[in-house]
Amino acid sequence: NAGVTQTPKFQVLKTGQSMTLQCAQDMNHNSMYWYRQDPGMGLRLIYYSASEGTTDKGEVPNGYNVSRLNKREFSLRLESAAPSQTSVYFCATIRGTTISTDTQYFGPGTRLTVL
Amino acid sequence: ILNVEQSPQSLHVQEGDSTNFTCSFPSSNFYALHWYRWETAKSPEALFVMTLNGDEKKKGRISATLNTKEGYSYLYIKGSQPEDSATYLCAEIDMRFGAGTRLTVKP
């Protein structure tokens, strides 16, 4: 089992470029999450998907879009990258459909730099 | 408290010292508190999920307590080892994370 995988691991973009971060899980989990991690700020929730076909905004959704392609995959898209989106992005999953007492499992992260 | 707050921001201890740090969270509408351990260049890993007031959880030399009425949780590490060096994160029900406590254990 690979658990939660993310691609790419690293990416450098120029301002205004677009890209999609991919996340896939093989644990048959229902809910998937995208976070960004910035120094001194911990993890902040961008978007989440409680089940296939549903997505909801988190704390910092502006500038991002998501797609829950199927149960396994949850992608994060930056349509027009800005330097403020330079961050490390983590995907996470939980077994259930609501954030409760389930443990989150995190992917290895994608380090994105926007010049 | 409106957000999840952790203190101290960073901590340096000697090998063998015991240490503890705090997670404070809004005490209204409490459901669950999660603790994670995050080593540099790795992903956060779950330590504990705590739900009941007075809960105490233990994993090896690491333990945690929960006070939902006053809105705080303590994480304790007994006899710190260099491999305990990591950032310790807490998160409450809607996965609002604290900024973490970065622990460095010097040999």
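**Entry 1**

I began at Lys59(B), which stands opposite Ile62(B) in S7(B). Strands here are DSSP runs (E, at least two residues), numbered from the N terminus. This is a predicted model, where local features need pLDDT of at least 70, side-chain atom pairs count only at pLDDT 80 or more, and totals for chains, interfaces and linings use all residues. For my own bookkeeping, residues are numbered from 1 along each chain as its sequence is written, chains are lettered from A and ligands numbered from 1 in the order in which they are written, and side-chain values use heavy atoms, with hydrogens and water left out.

Next I looked up how S6(B) is held to strand S7 (residues 62-67) of chain B: 4 bridges join them, and they run antiparallel. I call two strands paired if DSSP finds at least two bridges between them.

Then I followed the whole sheet. In chain B, 5 strands form an open sheet in the order S1-S3-S8-S7-S6, with antiparallel pairing. Strand S1 (5-7) and strand S6 (56-59) of chain B are the edges; each has a single partner strand, so one side of each has no neighbour in the sheet. From one strand to the next, the twist averages 15 degrees (axes are lines fitted to C-alpha atoms, and angles run from 0 to 180 degrees between N-to-C directions).

**Entry 2: the disulfides**

I counted sulfur pairs next, taking a disulfide as two cysteine sulfur atoms within 2.5 Å.

In chain B, Cys23(B) and Cys90(B) form one, with sulfur atoms 2.0 Å apart. The angle about the S-S bond is 85 degrees, and this link is right-handed. Cys23(B) sits in strand S3 (residues 19-24) of chain B and Cys90(B) in strand S9 (residues 86-92) of chain B, so the pair ties together parts 67 residues apart in sequence. Cys23(B) counts as buried because its relative accessibility is 0% (buried means under 20% relative accessible area, exposed over 50%, partly exposed in between, with a 1.4 Å probe and protein chains only). Cys90(B) is buried too, with a relative accessible area of 0%.

In chain A, the sulfur atoms of Cys23(A) and Cys91(A) are 1.9 Å apart in their disulfide. I read -70 degrees about the S-S bond, a left-handed link. Cys23(A) is in strand S3 (residues 19-25) and Cys91(A) in strand S9 (residues 87-94) of chain A, 68 residues apart. Both cysteines, Cys23(A) and Cys91(A), are buried.

**Entry 3: Thr87(B)**

Last, I checked Thr87(B), which is in strand S9 of chain B. Thr87(B) counts as buried because its relative accessibility is 12%. Beyond its neighbours within four places in sequence, its contacts (heavy atoms within 4.5 Å) include Tyr36(B), Trp38(B) and Gly100(B).
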